Amino acid sequence: MAIEVKVPTILRTYTAGEKAVSGAGGTLGEVLDDLETRHAGIKGRVVDGEDLRRFVNVYVNDEDVRFTGGLGTDVKDGDTVVILPAVAGG
Amino acid sequence: MPPYAAGVLTLDQAIYAAIVAHARRDHPDEACGVVAGPAGSDRPQRFIPMLNAAMSPTFYEFDSTELLRLYQDLDAHDEELVVIYHSHTATEAYPSRTDITLAQEPGAHYVLVSTRDGAHRGAEPLPLRSYRIVDGEVREEDVCIVASDDTAVGE
């Protein structure tokens, strides 16, 4: 078992076009670090410094991680992480 | 066909009317939503108004929970976002600097309507314009409004 990470269109340049990739870790931050080892550059599109980017939404098992601890959100094998770009403008 | 070729957005009259009605209803706040279509078809068929979580006259943002449900729904129907629309309530129907900076769906047609200068009150058709926004570059494209029998009824 691993953690499935669903990747939005705009980040599939980092995953050779794959819509979903596997990751490992005990927190969302660790999963992103793990992804970065195989998909270099992807983490910087989701994280800015110590926080999630303002206009990227990340969900663990359908919960927006902004309400569950951000990058510190616990994850375990079998969980699903979804990354979605915010749809926003002025 | 190149993936991001500037082209024509063909929009059903009923969907055009629904976008305009939504913009008028939410004025003075910005209205926003999408039109989904079969994956790879570039045909906007299913009108889906979205909540503007910002509830602002100068900003729009899809509610995060609604956004996840939207993508799950599209996946389940093998659909994708063909059109992402929003209204400008005090400026022209052209992408703002913020629109360009935050555009993250290179495959979508970004559609704008303007309700400025009291246009939200009238019964006149509102102009609707469409753009591709890729890597900070904006390209306007023609909009063709068609009746449900596919007869062109005007621009």
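## Reading a two-chain model

User: Where in chain B does pLDDT stay under 50, and how many contacts beyond four places in sequence does the model have there?

Analyst: Happy to start there. pLDDT stays under 50 over residues 1-5 of chain B, and for this stretch the model has five contacts beyond four places in sequence. Keep in mind that this is a predicted model. For chain B as a whole, the mean pLDDT is 91, with 92% of its residues at 70 or more.

User: Thanks. How do I read the size of the interface between chain A and chain B?

Analyst: The size of an interface is often given as the accessible area lost when the parts come together. Here, about 1,800 Å² is buried between chain A and chain B, and carbon and sulfur atoms give 59% of that area. On chain A's side, 36% of the area buried against chain B comes from Val87(A), Gly89(A) and Gly90(A), more than from any other three residues.

User: Which side chains meet in a salt bridge?

Analyst: With a cut-off of 4 Å from a Lys or Arg side-chain nitrogen to an Asp or Glu carboxyl oxygen, the rule finds one salt bridge across the interface of chain A and chain B. Its partners are Arg54(A) and Glu61(B), at 2.8 Å from N to O.

User: In which sense do E8(A) and strand E4 of chain B pair?

Analyst: They pair in the antiparallel sense over two bridges, with E4 covering residues 60-61 of chain B. Look for Ala88(A), which stands opposite Glu61(B) in E4(B). Glu61(B) is also the salt-bridge partner of Arg54(A).

User: And what is the strand order in the open sheet of chain A?

Analyst: Follow the five strands as E2-E1-E7-E5-E6, with mixed pairing. Strand E2 (20-23) and strand E6 (63-64) of chain A stand at the edges with a single partner strand each, so one side of each is left without a neighbour in the sheet. Further in, strand E1 (residues 3-6) of chain A and E7(A) pair in the parallel sense over three bridges, and Lys6(A) stands opposite Val82(A) in E7(A).

How values were computed. Residues numbered from 1 in each chain as written. Chains lettered and ligands numbered in written order. Predicted model: local features only at pLDDT ≥ 70, side-chain atom pairs only at ≥ 80, totals over all residues. Heavy atoms only, no water. Buried area = accessible area lost by both parts, 1.4 Å probe. Pairing = 2+ DSSP bridges. Helix = DSSP H or I, 4+ residues; strand = E, 2+ residues; numbered from the N terminus. pLDDT = per-residue confidence, 0-100. Contact = heavy atoms within 4.5 Å.
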